[in-house]
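User: I'd like to learn how to read charged side chains in a model. Can you walk me through it?

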Amino acid sequence: MILSSASPVVSGGLPLFVALLAIAGYVVAALPLAKSGRIWIAALHVGWLAHLAALVLDIGGIGQEVPGARVGFGPVLSLTVWLVMAVHTVENRFMPLPAVRRWLAVCGAVVVVMAALFPGEPHQYHSPLAPLHFALGVGSYSLFGAAVVHAMMLDASERRLRERAGMHQARAGMPLLLLERLTFRFVEAGFSVLTATIALGALTSVGWRWDHKVVFSLMGWAVFAALLVGRHRQGWRGRQATRWVYVGAVLLLLAYAGSRFVFEVLLGRPPA
């Protein structure tokens with residue numbers, strides 16, 4: 001396992017302090033404290049805001065010796081989880097979901113550590129549209145990430161109903177129809193943004209190459225396209241639909257974060 005020389009763990013200072021603050025906030029938010037709902041929420045907000053500051057420092061390369069954006073697999077996963085948590089923060093104001101909050105807090109702490117250890121090498125964009133391509137790509141990641149979270153909640157709710165765990169437990173979270181509707185709203189939005197990302201990437205690329213990123217991205221796009229067609233024409237729902245959500249999300253994860261993990265960590269060199 002190779003650490004980047006630009007990692008806040010190595011350089012220390014403000015990036016390290018902000019990362020540690022974010023991790024501490026998430027750890028407190030993940031603790032199963034019975035009567036500390038306000039502490040949970042306050043700690044999650046502290047972790048979330050410190051996480052944002054850490055992202056600005058990591059991706060922007062602020063305070064680093066070598067200028068340039070750092071878009072390694074660590075910061076990309078970190079930004080994706082942060083955006084998913086932003087969606088959850090909005091939803092939590094209307095319907096508190098403590099179990100989801102704790103799970104996301106654990107994920108937040110993990111990705112902050114990963115971004116601190118593996119920020120990637122400084123990258124200079126050669127096209128003025130390249131930052132937009134990157135932003136759209138991360139945006140599609142986050143929308144599909146939110147879809148995955150809601151799909152998992154949908155599966156859990158359906159499982160409780162099948163097991164006849166009691167109506168009070170079945171109603172503890174979002175209603176099934178609302179969960180299903182939200183899941184596909186996120187899938188539809190993510191699919192639209194992903195389509196724009198792929199189209200913009202094809203227009204701005206110097207030369208088209210069938211590398212791992214392109215192949216997995218197109219496979220993920222095809223899976224979500226098939227899911228939406230099956231949903232509208234065949235009425236797919238329940239586990240039949242959520243399995244497609246999981247498969248498509250895994251393919252997209254392999255497309256960018258997975259390929260960069262292989263290059264940056266296993267091979268110890270930036271992607272070609």
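User: Is Glu-180 buried or exposed?

Analyst: Start with relative accessible area. Under 20% counts as buried. This is a predicted model, and in it Glu-180 has a relative accessible area of 6%, so Glu-180 is buried.

User: Which residue forms a salt bridge with Glu-180, with the closest N and O atoms 2.7 Å apart?

Analyst: The general idea comes first. Side chains of opposite charge can pair when their charged atoms come close. Here the residue is Arg-237, with 2.7 Å between the closest N and O atoms. Arg-237 lies in the loop between helix 9 and helix 10 (239–266), while Glu-180 is in helix 8. The two are 57 residues apart, and the pair links distant parts of the chain. Arg-237 has a relative accessible area of 47%, so Arg-237 counts as partly exposed.

User: How far apart are the closest N and O atoms of Arg-231 and Glu-180?

Analyst: They are 3.6 Å apart, and the two residues form a salt bridge. This pair, too, links distant parts of the chain. Arg-231 belongs to helix 9 (residues 212–234) and Glu-180 to helix 8 (residues 176–204), with a separation of 51 residues. Arg-231 is partly exposed, at 23% relative accessibility.

User: How many salt bridges does the structure hold?

Analyst: Three. One of them joins the side chains of Glu-188 and Arg-185, at 3.6 Å from N to O.

User: What separates Glu-188 and Arg-185 along helix 8?

Analyst: Count residues along the helix. Glu-188 and Arg-185 are three residues apart in helix 8, so about one helical turn separates them. Next, check accessibility. Glu-188 is partly exposed at 24%. Arg-185 is also partly exposed, with 48% relative accessibility.

User: Where is Arg-162 found, and what is its relative accessibility?

Analyst: Arg-162 sits in helix 6. Its relative accessibility is 48%, so Arg-162 counts as partly exposed. A patch residue needs over 30% relative accessible area, so the 48% of Arg-162 passes that cut-off.

Terms used:
Residues are numbered from 1 along each chain as its sequence is written. This is a predicted model: local features need pLDDT of at least 70, side-chain atom pairs count only at pLDDT 80 or more; totals for chains, interfaces and linings use all residues. Side-chain values use heavy atoms; hydrogens and water are left out. A salt bridge is a side-chain nitrogen of Lys or Arg within 4 Å of a carboxyl oxygen of Asp or Glu. Helices (H or I, at least four residues) and strands (E, at least two) are DSSP runs, numbered from the N terminus. Buried means under 20% relative accessible area, exposed over 50%, partly exposed in between (1.4 Å probe, protein chains only).
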